[in-house]
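Here is a short briefing on a structure. Look it over, then read the points below.

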Amino acid sequence: MTPDPDRSRPAGGGLAARRAVVRWAVRLFRREWRQQLLAIALLTVAVSGATFGLAATWNLAASSDATFGRADQLLRIPGDDPTALDGRVAAARAWFGTVDVIGHRHVSVPGLFDPVDVRAQDPAGAYGGPMLALRQGRYPTGPAEVAVTDGVARALRADLGGPVRLDDTDRLVVGVVENPADLHDEFALTDPAHAGRPQSVTVLVAGDRDRMEAFRQTIDGPLVREARPTAERTTLTIAALALATIGLLLVSLVAAAGFVVLAHRRLRQLGMLAAMGATRRHLRLVLLANGAAVGVVAALGGTAVGIIAWLITAGFVETAAGHRIGRFDLPWLTIGAGMLLAVATATAAAWWPARAVARTPIVNALSARPPIPPPARRTAVAAAALLAAGLTALVLSDGSNPLLIVTGSVGTVLGVLLVSPLTIPALAAARGGLPVAVRLALADLARYRVRAGAALAAISLAAGLSAAIVVGSSAAEYRTQQAAGLGNLADSQLLIRIGQPEPVIPERTAAELAALQAQTDTIATTVGATTVIPLDMAVVASYTDLGREGRSSGHPAVEIGPPAAAGRSTTSHPLYVVNPGLLRLNGAAGTAVDAGTDVLTTRTGELALLNIPARGVRPTVRALPRSGYTGLPDSLITPAALDRHGWQPARVGWFLAADHALTDAQLATAQDLAAAAGLTVESRREQSSLTALRTGATIAGALLALGVLATTVGLIRGEASADLRTLTATGAPRRVRRTLTATTAGALALLGAVLGVAGAYLALAGALHRDLDPLGAVPVAHLAAITAGLPSLAAGAGWLLAGRPPPSLARRLLD
Amino acid sequence: MSVVLSLRQVSKVHGSGGAAVHALRAVDLDVVAGELVAVMGPSGSGKSTLLTIAGTLEEPTTGQVTVCGSDLSTLSADATARLRRRSLGFVFQDLNLLAGLSAVENVALPLELDGMSARPARAAALQVLDELGLTDRAGHYPDDLSGGERQRVAIARAVVGERQLLLADEPTGALDAANGEAVLRMLRAACKRGIAGVMVTHDAQLASWADRVIFIRDGRVVDQTAPSAGPEALLASDPTP
């Protein structure tokens, strides 16, 4: 007896039905993966970028292990009172149980500016393990042994197995060590059992803040304690994942256009499946499974590519990060989340086409009639609402609130994407008076506007992202130029300095200065300089400063800048002693400077003389016109001021100017001559240009748009093959076929480019609404490439590729 | 004999207002189990619309359609889909098989969609293919099958399981005479096993295989007649006096 199927089988087909549908979807994916290369490639690139970004972010972030090891908290106890030190260490041990004590002695070494940290640390300590690693040799045992970091070894000229004198003790270097979590941490390691009295001690402990605060209550007097900061690398990695999510979402919007094409290509087969009794859920599942398959392939491929790229570049990242990096110490969970996200976004991208196809009447699907587009008014309202919300968020962001910028950008992008399909009928309506092939192509775009609209949305997105980068980088460059003026120097100018720019000017003998002057004259002759202006700074001769980082001592150079306030840093500028050449250079030639004036400067606002023993000395200032160059001496002190304060002029360099732009060869010669005499040369620095970025973005956007066109134009023309058959039958020449394809591609590209650029400008205007001047710097060439070049390229490619009669003339190409 | 398909005063109008097109006008039709009905008429007469309405692929504008005892107007979308996969089988002129699935997988698909697990569904599909002489083509994909083989596999899929109504839209339209006859013979055999069949054709020769022929013009059933004894009748007749 046959069991009643109504009772023995689930109403919707259950798991067996879903398995069958997914099996078919996967088979179709294997058959048609080439038609989905664009979506697969985009997602793969996005996933590989995300994987690499996550790996790099995770490993670049400085780890608190460098300071805390495995501990949660640390105490810093001074060693100036040995009894108190011992008492506090004992109290910590009693309170926390296990502690790890690291002693420090900061020992001066002749010839070195910075003292060497002689560290007494137990390599087998409870918490300090991650702070210490042996690179060569062994750890020191006994009072006469030491291990050093490579930096200390270089500074002390010590070799493994060789002697070194440190802390008034002759020791044998038995090992090379490092702090793997901070390769810049330079120290010498001694055996804690035989170390001298420490100057300070770090005590590593485990326990939360409350426990530490409770311990604090038991201690009299000050106690320096630090808690391990929250896991910053986790935070950074999550931020990177958030960025990757946005990237994947944008890519999935382009992928969605590809899935729309795919859905329409499979329309008849899906109609057949529905005729067999598949439910709408089953129909949706076919495309969702395809989307998931694309996501899985992209996730696996992209992750593999990202990890390989990471492995190749990890060495460079290690150098840049300054700490050891485990090649496979990666945020696997986050990377896994990124992979899942890729699958989810690809599946989500397939959702809308799947929904539309599942709702298509079966009879329409069987005859491959495209779905009826949603009412234009409803779409327009949604687009307007999204655009308004997006632009409002961007305006409110003031260009600085990341959350509002992301929200606003996504809203604006979605708004533009929804607007895109609505513009197709408008374009088609304007076809009157055009040649018949053009009219027909535009009419076909309107007839098949669901798939044309999806393609247009993807092209708009590609062009919009390109335009946003092009216009945004141009605006950023404009702002930078406003801040930086014309650059440091003109290309005909050189600044020759004696040594490095320093706030402390060493004393030099007349003979030394004469030699430097002679070398400068040689340089001037070599480069053909017509102007040589000596540069003197005002120095406080009565005061001697040690100089920075162990450099030779000298007299402090008087500077000018905003008055220093307590607890705030200030920016100071050097003051050069007035001479006719400098006045001429600053556009003040022949200016009579009255005796009461202290300083001539282009700087504005409240100014004080800085780097002098006295505080709050306000000079009498006279304004100089701005030259536009940031490297020129633009703050001058008068001889009268020198006399008043008892300061002395000190030669610091020369300004050279030629009547021609200096060649690379002249600059190289000048640098060689200067280096030979201990001089430094400053020449015009090339101002950073984002032109390469703009060009790259334009090319990438164009390629993306052309890829979308390649996958859609053929289908749209294939749909209209009946018209083409009719045209061919009525004697239309090959030119008509070419015109049809070229017009279809060109019109979509043109609309997409215009919408993309308009959307980009809208979004940027929203974000920069307080100062729209930067948007006035229009990158004409790049925008022309997007709005004119891309459509021309698309039309040209369409014209060339439409030369052969398409197979669809002979038979339909739908499955 | 039980009525498998019943149409009562069924009309179908496409579009509205001045653009309205009456595809069917007040059509009445009953098809009983084991009966093969041919629907003939000129292009645009409403033949295919009649078939799609009978097959639940679209709804009539007015009128009542009953398939296997179920009034379609009372069924939900899911229940209608279930009716299609359990009781109805379709054979179209072309594009009958799903690319990417082998012949046996195509035949098993309606059963799997209905919840039967893959193994028994495959066994049932193989049995039907065997009955239709297609065992050796079971593992082949549609691209590897000839047009006639594809239509025969489509018929296998349309009758697999416990189907009660087989709907065929120009099933031999893309076939040569020999393959066309083979397909018709299969349809006829299926009906002999108790399945009700409705076949759209505009070929009188093929219609002669049917038990009854309905003529449609401008959406109306203008004539309905049993065909004269055709080749099938001659073949089927008992030679003994």
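At what angle do helix 14 (residues 402-429) of chain A and helix 15 (residues 436-447) of chain A pack, and how far apart are their axes? The angle is about 150 degrees, and the axes are 8 Å apart. This is a predicted model: local features need pLDDT of at least 70, side-chain atom pairs count only at pLDDT 80 or more, and totals for chains, interfaces and linings use all residues. Residues are numbered from 1 along each chain as its sequence is written, while chains are lettered from A and ligands numbered from 1 in the order in which they are written.

- Helices (H or I, at least four residues) and strands (E, at least two) are DSSP runs, numbered from the N terminus.
- Axes are lines fitted to C-alpha atoms, for helices over the stretch in contact, and angles run from 0 to 180 degrees between N-to-C directions.
- Helix 14 of chain A and helix 15 of chain A are therefore roughly antiparallel (angles over 145 degrees).
- The contact (C-beta atoms, placed from the backbone, within 7 Å) includes I424(A) and P425(A) of helix 14 of chain A and L442(A) and A443(A) of helix 15 of chain A.
- By class, this contact of helix 14 with helix 15 of chain A has 8 nonpolar, no polar and no charged residues.
- Ala, Val, Leu, Ile, Met, Phe, Trp, Tyr, Cys and Pro count as nonpolar, Asp, Glu, Lys and Arg as charged, and the others, Gly among them, as polar.

**Helix 14 and helix 23 of chain A**

- Helix 23 (residues 734-767) of chain A also packs on helix 14 of chain A, at about 150 degrees, with axes 9 Å apart.
- Among the residues in this contact are G408(A) of helix 14 of chain A and G759(A) of helix 23 of chain A.
- Its residues divide into 10 nonpolar, 7 polar and no charged.

**Strand 9 of chain A**

- Strand 9 (residues 200-205) of chain A has 5 of its 6 residues buried, so it is largely enclosed by the rest of the structure.
- Buried means that 20 or more other C-beta atoms, placed from the backbone, lie within 10 Å of the residue's own.
- Strand 1 (residues 73-78) of chain A pairs (at least two DSSP bridges) with strand 9 of chain A in the antiparallel sense, over 6 bridges.
- Strand 2 (residues 99-107) of chain A runs antiparallel to strand 9 of chain A, joined by 6 bridges.
- I77(A) stands opposite V201(A), and V101(A) stands opposite V203(A).

**Chain A and chain B**

- In all, 29 residues of chain A are in contact with 25 residues of chain B.
- Helix 2 of chain A gives the largest share of the chain A side, 8 residues.

Note on methods: Buried ≥ 20, exposed ≤ 12 C-beta atoms within 10 Å, placed from the backbone. Contact = placed C-beta atoms within 7 Å. Parallel < 35°, antiparallel > 145°, perpendicular 65-115°, else oblique.
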